[in-house]
Amino acid sequence: MKRAIPAVVGAATALALVLAGCGGEDEPADPNAPVTITLAGWSLSTTPEFKTLADGFHAAHPNVTVELKEYDATNYDTQMTADLAAGTAPDVYVLKNLKNFYTYQSGGQLLDVSDTAGGLASVPSLGAYQVDGKTYAVPYRQDSWVLYYNKELFAKAKVAPPDGSWTWDDYAAAAKALTTGIKAAGGKATGAYQHVFQSTVQGFALAQTPGADLLSGDFSYLKPYYQRSLDLQAAGAQPTFGTANTNKLTYQAQFGKQQSAMLLMGSWYIATLLKQRVSGDADTFDWGIAPAPQFDKSTTGTSATPVTFGDPTGLGINPKAGKAEQAAAKAFLGYVAGEEAGKALAGIGITPALVTDAVSQTLFGLDGVPQDDLSKFAYAKHDTKVENPVSKHTAGLQNLLNETHSAILSGSTGLDPAIDEAQNRAKNEVLNQ
Amino acid sequence: MATLSRPRPRRSLVWRNTVAGWSFILPNFAGFAALTLVPVVALFYLAFTNWNVFGVAEWTGTANFRRMWNDASFWTALKNTVYYTVFHIPLTMAAALGLALLLNRKLRGVAFFRTVAFFPYITSIVAIAVVWNQLFSPEYGPVNAFLRWVGIDNPPGWTTSADWSMPAVILVGTWRYMGYYMLLFLAGLQTIPAQLYEAAQIDGATPWQRFVNVTLPGLRHTTFFVTVMLTIESFKVFDLILVMTQGGPGQSTLVLSQYVYQKGFVENQFGYASAVSIVLFAICFGVTLVQFLVNRRVER
Amino acid sequence: MTNHSATATDVRPPAGLTLPGRPTARRRPTRAWRVAGYAALVLAAAALLLPFYWMVVSSLKTNNDVFTIPIKWLPDPVVWRNYADIWQRSDMTTWLGNTLLLSVAVTTLQVLTGSFAAYGFARVRFPGRDVLFLAYVGTIAVPWQSYMIPQFVLMSKLHLSNTLWSIVAIQAFGAFGVFLMKQFYETIPEELSESARVDGLTEFGIYRRIMLPLSRPALASLALITFVTTWNDYLGPLIYLRSPELRTIQLGLNTFVSQYNAEYALIMTGSVLSVLPVAVIFLLGQRYFVEGIATTGLKG
């Protein structure tokens, strides 16, 4: 019922476009024709980004109303798959994880938005959504992994804080020194906390190791990274994987409550930490952001560009959307990747797809954000690789490597046999499909 | 089990019975057929296709089943499922029957104890996973603290060890479901005529003899139901393992239902996932059928 | 497991043995035994209630005190405010209302249609009955996550998705109730319905007047189990319901979890609140399992 009016409007618009001979425009011919597009989001009351985007766009295009449709955060893709299969999905939906982009794109559930993307060439992560030269989605946020550290615990343990020159060996040495230093000072915190996600090891290994290729089925590049984690666990410099898993440790409490002095996490944690400081769920302490530790010295130091990883979050258009909605949705996509939306997102602590100086200034203007130069450098400058390449085999390999992750870190399987098994399984169960 | 009298099977009688039978079954069957049977039949078709949920399913014959034959993860999942089932069924059965017998007497506070026994089944599964995982926590958990206290120096790693994760899950599975099956046994115990016990007592039967000669035979129909349901539920175990171990560490607790979910919803290979679930179905159905046949023979 | 029932025929109720014999030589357990028994029961109850206890304690803690190494078994400080907070910050009233509505509707339908259909399967003999029954039981063996997409597409075509009707539709016509009730009807002696038939009762009359009253414990357990299953169902509402005002308690709580993903104390507060109504209903329902109901004890 609701669709009927916009559909008529859309048909009329299309006809008008043809008559006027001005095809190629993104905007509807009648800019005042009212259109409502639906947008999928999750946890709306605590995830303000969707409303920020919707309101920002509506302010610039008063005739377009963006209506939010709420999904479950953890089971977003399951619900969206069901809705798309049944034809009940909203006009614009979020690609929450890049690894599901392949599913939606190859399944014909994403409209070609190359014409919109043409004007967004400066957005770095746009390439992640391109297949055969066509663009199927537009990123609006781009998180990347950085090192969070507690300046007060560093001082207490008398360990030199990160200066941007760290390789992984420096990081491991610091974690151990911190643990002993904090203990000597009468504290109980560990030097580091490594969350149970597989990305905490595999994301860095794949992004930083020269020549590493997930799709080659050769996973030997993971070994040094796992070896270091195992060493840190054995040395007691971070809670073991088993402890973190069985006690459901949360990285928010580990870092926010000063249980650990260092935490590798995505830039989304900035907003969370700020919020928890206000609510009292996190302590108020002096903290900072440093670039993630590097594979070798060649990418360290503030004159180089540190390599890290992080997936973009994008928006795509449901091909079943009406003509008028599609046009409005394309305009919306053009908006979300731009600087205006970027500043609005930075205002709520989110890292947008395009980080400009203005965006950085907005974010560092927020109350509670560290003001030192290294934090600003770490936030703004990095070469962020996608966590995984987009391919038919990615989901399968990810699953298998997740099992490998728990097998290695729980100590169930030795490092070498575990990697060998993963390679065999990749060859026999995934890459041959 | 002779139903009705035993007259010559007259045509009109067969007709009348068919109408009567269907009129009883129809209200439930209509809903069942439309909402469950149709999708299940579709599933049988999809198992022979390559389907990514969105497009048209492409017929690939037995390709999915041939792939499964060479899929080591499938076999691991099958092996784990059987492992779980083989231990979960007898343990739960014994615990449930024991509880039912214990709580089927006139006992002060029996309502309270029954409710307590049912509690694991109604407690939120997330809370269960959290608490049991903490209890099993290798370094700090009370279980291992106790084991160390009684002199076991190297207690198992439970959910963080590939060898002990399945026993841990089986234990929690039994703990969770025994109250549920206790309820069914309780209902079954109500159908045993008290006279039988009185007669046995007059004959001087010991409690054990009463149990073997009165209780067990009297519970036959219930036991059969519990066995079938327990078998199916064990083969289909999913959410408990998902929240407790997510199939890990490694693949040590990966079970078939979870494999189906992984292949379907995570890797978007719904055709293959359908084929795996058909195999799971066939195994359950085969075991159930054997149980039916055995049951029928026993009834004769 | 069903072999023991071979002895079923060994114990026949001696005809006419309803004489109330002398108070039989039932051994009175000594006081010490009784105390030991209760102590064991209380201990077992404590083990069963442990996760629930942990939920209650966690619901009275601050968020970051919930997961600690080692576990804190007592809240310090005690945060009663969580219980006020959850009513303010979430839609508990709506969730509870929806869940109650669904549970009652599904239970009613399941018990009515299930027990009705079960009579057709248990007592009316017609061609194709056993095959049809196997199809019923067989579908229980198919994992739901493998056919939920086809089912969802079907329901969307019927415009039922994102309505409470969808949950009623998929839950109410399950095979579980049919199977359960059939098993219990079969414990009721055929002679009872036979004599009723002679007295001129219709099949429906037999169902209504004889079978239903005699299977009260079974109906009670079916109702309890269906109620709890619907109450605790998460995956069904997750797939079918989108609008916030339709959320059930489990769906609501889980959304709440992912929304406030570090607010564990509040999450546990919600979990405690979701368990309590079920516990009360169980406490009320379990009184249908009273020792000594001899279902066949119709004096005749």
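Mentor: An axis is a line fitted to C-alpha atoms, for a helix over the stretch in contact, and angles run from 0 to 180 degrees between N-to-C directions. This is a predicted model, in which local features need pLDDT of at least 70 and side-chain atom pairs count only at 80 or more, while totals for chains, interfaces and linings use all residues. Residues are numbered from 1 along each chain as its sequence is written, with chains lettered from A and ligands numbered from 1 in the order written.

Trainee: How do α8(B) and α9(B) run relative to each other?

Mentor: Helix α8 (residues 194–202) and helix α9 (residues 207–218) of chain B have axes that come within 10 Å and cross at roughly 165°. Because angles over 145 degrees count as such, the two helices are roughly antiparallel.

Trainee: Which residues of α9(B) does α8(B) meet?

Mentor: Contact requires C-beta atoms, placed from the backbone, to lie within 7 Å. From α8(B), the residues B:L196, B:Y197 and B:A200 meet B:R210, B:N213, B:V214 and B:G218.

Trainee: How many helices does chain C have?

Mentor: Helices are DSSP runs (H or I, at least four residues), as are strands (E, at least two). Chain C has 0 strands, and its helices number 13.

Trainee: What share of the residues in chain C is buried?

Mentor: Buried residues have 20 or more other C-beta atoms within 10 Å of their own. Of the 300 residues in chain C, the buried share is 47%.

Trainee: Which helices of chain C each supply at least two residues of the side that touches chain A?

Mentor: Across this boundary, 19 residues of chain C are in contact with 25 residues of chain A. The helices of chain C that each supply at least two residues of that side are α5 (144–157), α11 (235–240) and α12 (249–259).

Methods: A residue is buried if 20 or more other C-beta atoms lie within 10 Å of its own, exposed if 12 or fewer, and partly exposed in between; C-beta atoms are placed from the backbone. Angles under 35 degrees count as roughly parallel, over 145 as roughly antiparallel, 65 to 115 as roughly perpendicular and the rest as oblique. Two residues are in contact if their C-beta atoms, placed from the backbone, lie within 7 Å.
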